[in-house]
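Subject: Structure handover and contact notes

Hello,

Please find the structure below.

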Amino acid sequence: KIVEEMERRDDVLFRKLNALFVVNKEIIERITQHPPMISVGFTYTWNTPNIKDPFQMIEQENKKSKEQVMSAWKPSVHLQPINDLFNDKIDWTCKKFTDAIRLNDQLHQVCQKYKMFGGTEEAVVAIQEFLTNMEILQQMLGEIETLFLPAQSRLQELMPHVQAINKITSEAREDMTRVSGGSQLTWDNHSESGLRIDGMTVQGNGYTWRSYLSKERYNSGVHTWSFKINGSSSIIIGVISSSDDIPDRNYLGQPRGWGCHSGKFLYEHGKTLRLSEEWSTGDVVSMRLDIDQGILSYGVNGDQIVVLKKMPGIEYRVAVSLYQASSITYLPQ
């Protein structure tokens, strides 16, 4: 009965070993038949045809040859040499795919020799050791086959981030467009006679106030303008409702419009606020009008000097009033 039991155990071990051998051969066949090129990853780059277009995420698949992938394989486990009872001189080294192919066949062949021992304890122990090595060999083959799994694209995962970035940049471009809306300004000859316009430069005439209005009208967004002070300090720079006008020999802000007078006064529809900053010849005066937020602000040579809030949401024209021979030049953005 003991011998019969050992023979049955021996038979079970042989069936397991044969099954492992067959499975290993199937894995070897799949690896051998695998296409020559393997997807090993993806590279993602940004692209935009020009600054006005949305960003695009470009996905490029990276491939390596099957030989390159297998040459980089390093086994995480190692076979355990068994007593060479039959002097088969098995080379237990397994560092390459070809080693795995060789060992799968050799181990299976040598193990078959132990059938002649019947169900002896020595045969059962040896077969168990061969079985363990065949399992290790299957793990090694599985590691190699795993290297052939195609890399997974992350494009769909990254697209929401691309869309979010495009939304931010689109909003930024809209803001830039709104801000740059004031870069266009041309002077209207107005209704007065004797006004002096030379390109971007306007100049007073005679011993009274003269005013100039822009041809452009602005009803939304953020607009900025810059002016160089050429001479005299009697200059008012500001805005006026497009439905209003500045009568002959009157000046901006008295009584209509909003204007800064030489950095010394701020006019608001007839009201006057005294300021402490006075600009002079050569200074660059900037004016910024945010119609949506209702804010009018002024700066001199890059330093802000005054901010006027609660501007009405109406349509405006740029206006300047000049006394005697005073002169300014509009500096395009």
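Which side chain does Asp-88 meet in a salt bridge? The partner of Asp-88 is Lys-113, with N to O at 2.5 Å. A salt bridge here is a side-chain nitrogen of Lys or Arg within 4 Å of a carboxyl oxygen of Asp or Glu.

Before the rest, the conventions. This is a predicted model, in which local features need pLDDT of at least 70 and side-chain atom pairs count only at pLDDT 80 or more, while totals for chains, interfaces and linings use all residues. Residues are numbered from 1 along each chain as its sequence is written, and side-chain values use heavy atoms, with hydrogens and water left out.

Salt bridges

By the rule above, the count is 6 salt bridges. The pair of Asp-88 and Lys-113 links distant parts of the chain, 25 residues apart. Asp-88 lies in the loop between helix H2 (66–71) and helix H3 (97–112), and Lys-113 in the loop between H3 and helix H4 (121–147). Helices (H or I, at least four residues) and strands (E, at least two) are DSSP runs, numbered from the N terminus. Asp-88 is partly exposed at 26% relative accessibility, and Lys-113 is partly exposed at 30%. For these classes, buried means under 20% relative accessible area, exposed over 50%, and partly exposed in between (1.4 Å probe, protein chains only).

Another of the salt bridges joins Asp-99 and Arg-102, at 3.5 Å from N to O. These two residues are 3 apart in helix H3, so about one helical turn separates Asp-99 from Arg-102. Asp-99 is buried at 11% relative accessibility, whereas Arg-102 is partly exposed at 24%.

Arg-154 also forms a salt bridge, with Glu-157; their closest N and O atoms are 3.0 Å apart. Arg-154 is partly exposed at 39% relative accessibility, as is Glu-157 at 48%.

Strand S8

Strand S8 (residues 235–241) has 7 of its 7 residues buried, so the strand is largely enclosed by the rest of the structure. In a regular strand the side chains alternate between the two faces of the sheet. Both faces of S8 are covered: Ile-235, Ile-237, Val-239 and Ser-241 are buried on one side, and Ile-236, Gly-238 and Ile-240 on the other.

Two strands count as paired if DSSP finds at least two bridges between them. S8 runs antiparallel to strand S15 (residues 316–323), joined by 7 bridges, and Ser-241 stands opposite Tyr-316 in S15. S8 also runs antiparallel to strand S9 (residues 258–261), with 4 bridges; here Gly-238 stands opposite Gly-259.

Aromatic pairs

The whole structure holds 12 aromatic pairs. Rings of Phe, Tyr and Trp (its six-membered ring) pair if their centres lie within 6.5 Å; planes under 30 degrees apart count as stacked, over 60 as edge-to-face and the rest as tilted. Phe-265 and Tyr-267 are stacked, because their ring centres are 6.4 Å apart and their planes lie at 5°. Phe-265 is buried at 18% relative accessibility, and Tyr-267 is buried at 6%. Ring pairs link Phe-265 and Tyr-267 with Trp-209, Tyr-251 and Tyr-323 into a cluster.

Cysteines

How many disulfides are there? The count is 0, a disulfide being a pair of cysteine sulfur atoms within 2.5 Å. Cys-94 is buried at 7% relative accessible area, and Cys-111 is buried at 0%.

Regards
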